[in-house]
Amino acid sequence: MSTTTADLLYLIPIVTFILALRFLSSPAHARRGNQIGAAGMIVAIVVTWIKAGGTSWWAIVIGMLIGGGFGAFAARKVKMTAMPQMVALFNGVGGGAAALIALAELHRLLPPPGRPHVDVLIAMALSGLIGAVSFAGSMIAFAKLQELIGGRPITYPGQNVGNMVLLAVLVALAIALSVGVQDQWLLWVIVGGGSLFGVLFVLPIGGADMPVVISLLNAFTGLAVAIGGFELQNNVLIVAGMLVGASGTLLTLKMGKAMNRSLGNLLFSAFGQVTAEAAAVAAGAGGGTVRSASAEDVAVMLAYAHKVVFVPGYGLAVAQAQHDVRQLADMLEAKGVEVTYAIHPVAGRMPGHMNVLLAEANVPYTQLKEMDEANPEFSRTDVAVVVGANDVVNPDARSNQSSPIYGMPILNVDEAQAVVVLKRSMNPGFAGIENPLFYNPKTVMLFGDAKESIMKLTAAVKTL
Amino acid sequence: MSHTMLLVFEVTILVLAIFLGFEVISKVPTLLHTPLMSGTNAIHGIVVAGAMIVLAEPGKGAFTWIVGFVAVVLGSANVVGGFVVTDRMLEMFKKREPAKPEDAAEGKDAS
């Protein structure tokens with residue numbers, strides 16, 4: 001196959017990738033879009049295989065069977081609650097592949113008389129560096145989300161300065177590789193240093209900020225792949241990689257906005273550090289009493305309400321309670337109660353994570369309300385049921401300037417007639433921030449594991 | 001085409017892809033942000049095509065071959081896993097399913 005034919009055929013995957021993203025604008029046809037994208041990917045792989053395969057075609061097939069087999073197996077087995085770490089893992093291996101391509105290409109092009117063009121060298125240095133950061137960073141994110149290592153931020157003195165120095169050194173090495181010192185070991189140092197930077201960069205970021213990190217690393221891998229396209233003069237890599245780079249960047253910024261924090265603050269402030277003293281302040285200021293209720297009391301509140309809004313958070317995912325919540329909601333609906341779900345953009349461990357979990361439990365997506373849509377509804381809601389969410393309903397974000405989450409848009413559950421909070425204990429949540437909502441006279445607490453509490457509620461509603 | 005002309009052309013499509021990416025993604029609702037991440041994750045699995053080219057490059061040593069092979073394995077894990085996970089997720093997003101007989105009966109009771 002000639003290069004021209006291959007380049008023309010590569011237009012097919014390019015168009016299907018754009019369509020796949022375009023179709024994601026509505027859940028009604030999103031799945032079809034993904035299938036179109038997958039079909040385009042098959043075209044890209046077959047065209048590349050025929051054109052470039054040569055005598056190594058069998059090695060490509062074996063490699064793809066191994067990698068693809070693992071990917072398909074892991075993707076089929078993973079639970080929906082474990083989705084964030086699975087995405088992190090697949091993202092990491094993609095970044096690793098981009099870094100390896102740079103190493104292999106440099107090894108091939110360097111021996112005399114090969115003198116690679118400067119732009120190709122720049123591309124190798126950058127895709128090696130960014131790919132390595134993405135690979136190592138994603139692996140740490142995976143380990144944190146899988147709880148192989150602690151989710152709490154890991155910090156030490158001089159951390160940010162140290163990271164910045166390391167990054168500066170790596171950039172200097174990348175420049176050196178591009179303009180003069182054409183030596184392979186330099187790229188190895190860049191890739192090794194990039195991996196180290198990836199580890200050091202993700203370690204201090206708390207588990208609660210992981211959605212943002214994964215989104216950013218996704219953008220990094222996309223960028224590394226696009227730059228890899230410059231090494232191989234391959235358009236489909238450039239376009240597909242850059243589409244992902246652009247979308248990942250935009251999504252990261254959107255999430256930062258949803259948390260009212262700048263990207264710099266998210267990535268370099270080791271969130272959760274400041275909170276010890278802030279929590280003390282809030283607790284002192286709150287000083288109210290907490291009302292706890294029995295499942296039977298809450299069941300009565302729910303069954304005789306006109307409108308109930310569920311506010312799910314990560315606690316729901318941990319307890320795997322999405323199916324039980326749905327059962328309870330069904331029962332309430334059968335009693336004529338209007339039920340919706342209010343979903344904060346950063347609830348869970350991944351943007352939109354709650355939507356996926358509730359969809360898994362067969363909740364129709366028309367009942368899932370985004371923040372802007374949900375907030376005006378609270379004033380005419382009888383009961384808001386907060387299941388394992390904390391920071392996203394913390395009124396301190398509106399009113400307490402000393403709170404670390406001040407300014408973050410929240411779900412205004414305190415505007416509802418009554419609030420029920422399902423919570424394990426009075427321990428502050430993942431981010432360690434005290435929540436005055438719990439001391440609000442309108443609020444009752446139902447302590448216990450989210451799944452058990454919901455099941456008790458369902459049983460109690462059934463007897464009414 | 002000279003190398004410089006090719007480079008200019010490639011940079012042009014890179015820049016256009018940035019704007020296209022922003023444009024298309026800004027229309028994706030929050031509801032679908034997890035599938036969006038996972039779907040874009042699958043798309044950058046195109047790196048497997050690059051890995052294939054490297055692995056199959058003629059006239060190279062064992063080093064390139066091994067590194068290329070590992071890259072093909074990693075890249076295909078990315079691409080297959082990415083699309084399968086996204087498909088599983090999107091499969092779950094449903095409208096309210098047609099009312100079951102007992103639901104319909106209860107609906108009548110309520111009204």
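Start by selecting helix 2 of chain A, residues 11-23 (helices here are DSSP runs of H or I with at least four residues, numbered from the N terminus). Its 13 residues, at 1.5 Å a residue, should span 18 Å, and its end C-alpha atoms are 18 Å apart, which agrees; the expected span is 1.5 Å times one less than the number of residues. You're looking at a predicted model, where local features need pLDDT of at least 70, side-chain atom pairs count only at 80 or more, and totals for chains, interfaces and linings use all residues. Residues are numbered from 1 along each chain as written, with chains lettered from A and ligands numbered from 1 in written order.

Stay on helix 2 of chain A and pick out its buried residues, including P13(A), F17(A) and F23(A) (buried means 20 or more other C-beta atoms within 10 Å of its own, with C-beta atoms placed from the backbone). They pack against helix 3 (30-52) and helix 10 (235-258) of chain A, and also against helix 1 and helix 2 of chain B.

Now select helix 3 (47-56) and helix 4 (62-92) of chain B. They pack at about 160°, with axes 8 Å apart (axes are lines fitted to C-alpha atoms over the stretch in contact, and angles run from 0 to 180 degrees between N-to-C directions). These two helices of chain B are therefore roughly antiparallel, the word for angles over 145 degrees.

How values were computed:
Angles under 35 degrees count as roughly parallel, over 145 as roughly antiparallel, 65 to 115 as roughly perpendicular and the rest as oblique. A residue is buried if 20 or more other C-beta atoms lie within 10 Å of its own, exposed if 12 or fewer, and partly exposed in between; C-beta atoms are placed from the backbone. Two residues are in contact if their C-beta atoms, placed from the backbone, lie within 7 Å.
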